[in-house]
Amino acid sequence: ESFEYLDHNQNNRIEEAEWHGTVSAWNRLDVNNDDVLTRAEFVNSSVAIPVGGHDENPASQRLPGRRTR
């Protein structure tokens with residue numbers, strides 16, 4: 001999926017609610033751990049972005065060690 005497709009609100013960043021991939025892919029892409037993906041983080045990554053099911057959104061599932069809001 002392209003950055004533009006995932007950035008539903010067109011604010012030039014992908015927020016957790018806009019993410020369709022897995023939690024682990026999100027955590028690898030979000031290199032500065034600010035809970036958003038910038039275009040640079042998304043485009044410059046060599047991470048394969050697997051799409052997940054209904055429970056794969058990072059907003060609904062947090063990995064140990066990730067901060068919560």
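A contact is taken here to mean heavy atoms within 4.5 Å. In the protein chain, 50% of the contacts between residues at least 6 apart in sequence join residues at least 24 apart. The structure is a predicted model, in which local features need pLDDT of at least 70 and side-chain atom pairs count only at pLDDT 80 or more, whereas totals for chains, interfaces and linings use all residues. Residues are numbered from 1 along each chain as its sequence is written, and side-chain values use heavy atoms, with hydrogens and water left out.

The protein chain holds 3 helices and 2 strands, arranged from the N terminus on in the order α-β-α-β-α; helices (H or I, at least four residues) and strands (E, at least two) are DSSP runs, numbered from the N terminus. Of the 69 residues in the protein chain, 33% are buried, where buried means under 20% relative accessible area, exposed over 50%, and partly exposed in between (1.4 Å probe, protein chains only).

Two residues illustrate the local setting. Ala-17 is placed in the loop between β1 (13-15) and α2 (23-29), and counts as exposed because its relative accessibility is 67%. The C-alpha atom of Ala-17 is separated by 9.7 Å from that of Leu-6, 11 residues apart along the chain. Arg-28, by contrast, belongs to helix α2 and, at 44% relative accessibility, counts as partly exposed. Between the C-alpha atoms of Arg-28 and Phe-42, which are 14 residues apart along the chain, the separation is 10.0 Å.
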